[in-house]
Amino acid sequence: MSRAGDQSNRRMLKEAGRPVARAAALLGPRQSRVAAAAFPRIGPGRAGAMVKLGAKCLLAGDPAVGKSALAQMFRSDGAHFQKNYTLTTGIELLVKAVSVPETSDSVEFFIFDSAGKDLFSEMLEKLWEQPNVLCLVYDVTNEQSFNNCAKWLEKLRAQAVGMYIPGVLVGNKTDLVGRRVVEQKQAQEWADKHGLEYCEMSVKEMKNFEAPFHILAKSFHQLYKEKVETFHSLA
Ligand SMILES: Nc1nc2c(ncn2[C@@H]2O[C@H](COP(=O)(O)OP(=O)(O)OP(=O)(O)O)[C@@H](O)[C@H]2O)c(=O)[nH]1
Ligand SMILES: [Mg+2]
């Protein structure tokens, strides 16, 4: 890796570590349950306080399935669709917060938009350490990209052996109706079998592109609540 590349990776890792510092700085001791899921060393506090969680989200899948298009679209609230394909080299980091449905709480996602090309896999494995949630994308018009999800999931789960990491499988490019080769039922079954949520979208047509992150926010928040309950039951 070049020196410039190395420096940029160090910058990214620093960014990724920020939610911990930020949450710790923002939280008084009484509100500290805010971050229990993402920051397990912090204890419980006042009931009913608004909760802000931070989560490292790994975005992965084969080349050209639309991961960067999804990340850009999500970050820009639907304002920017990346029409031209620009291969991601290594990882691009994006930060965005979402509200947790039916609560006043939120999750700030640190999205690690990862290269699909094998060439970068060694670098990815170093930067993927300690994920909180997974977003695995395939292209509904590309069977190979669906078949490779097993390989991607194995690599992602190897980052957190023995831990439950919420994840979502996402079928993209549903706008290409006549070219679809992976059926929804087939993908849904695969996702169920592997303990993942499932959704479909068309980033191009701005359909459902926020769904994966809402699903992950909900699952991650649920995990946080369970941890808080366990914490209380032990106190
Ligand atoms: N038709 C259609 N094209 C899409 C959609 N989403 C993304 N694309 C296009 O697919 C191509 C690849 O998208 P990227 O987001 O760059 O793919 P990627 O998964 O990030 O690829 P790597 O960085 O190489 O891993 C681009 O030309 C996008 O415009 C979609 O929903 N429908
Ligand atoms: Mg990309």
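Trainee: Two strands pair if DSSP finds at least two bridges between them, so in what order do the six strands of the open sheet come?
Mentor: The open sheet runs E2-E3-E1-E4-E5-E6, and its pairing is mixed. At the edges are strand E2 (91–99) and strand E6 (197–200), each of which pairs on one side only.

Trainee: Where do the numbers and letters come from?
Mentor: Residues are numbered from 1 along each chain as its sequence is written, with chains lettered from A and ligands numbered from 1 in the order in which they are written. This is a predicted model, in which local features need pLDDT of at least 70 and side-chain atom pairs count only at pLDDT 80 or more, while totals for chains, interfaces and linings use all residues.

Trainee: How many helices and strands does the protein have?
Mentor: The protein has seven helices and six strands, where helices (H or I, at least four residues) and strands (E, at least two) are DSSP runs numbered from the N terminus. Along the sequence they follow the pattern α-β-α-β-β-α-β-α-α-β-α-β-α.

Trainee: Back to the sheet, then: in which sense do E1 and E3 pair?
Mentor: E1 and E3 pair in the parallel sense over eight bridges, and within that pair Leu59 has Asp113 in E3 as its bridge partner.

Trainee: And which way do E2 and E3 run?
Mentor: E2 and E3 run antiparallel and are joined by nine bridges, with Phe110 in E3 as the bridge partner of Val95. E2 and E3 form a hairpin with six residues between them, and Glu102 in the turn has a positive phi of about 65 degrees.

Trainee: How many bridges join E4 to E5?
Mentor: Six bridges join strand E4 (residues 133–139) to strand E5 (residues 167–172), and these two run parallel. Val137 stands opposite Val170 in E5. Helix H5 (residues 149–157) packs on the sheet, where it touches strand E1 (52–60), E4 and E5; here touching goes by contact, meaning that C-beta atoms placed from the backbone lie within 7 Å.

Trainee: Changing topic, is E3 mostly covered or exposed?
Mentor: E3 is mostly covered, since seven of its nine residues are buried. A residue is buried if 20 or more other C-beta atoms lie within 10 Å of its own. In the protein as a whole, buried residues make up 37% of the 235 residues.

Trainee: Last one: how many residues surround ligand 1?
Mentor: Ligand 1 is surrounded by 24 residues, the closest being Gly66, Ser68, Thr88, Gly116 and Lys204, where a residue is near if its C-beta atom, placed from the backbone, lies within 6 Å. Helix H2 (residues 67–75) provides the largest share of this shell, three residues.

Methods. Buried ≥ 20, exposed ≤ 12 C-beta atoms within 10 Å, placed from the backbone. Pairing = 2+ DSSP bridges. Contact = placed C-beta atoms within 7 Å. Axes fitted to C-alpha atoms, helices over the stretch in contact; angles between N-to-C directions.
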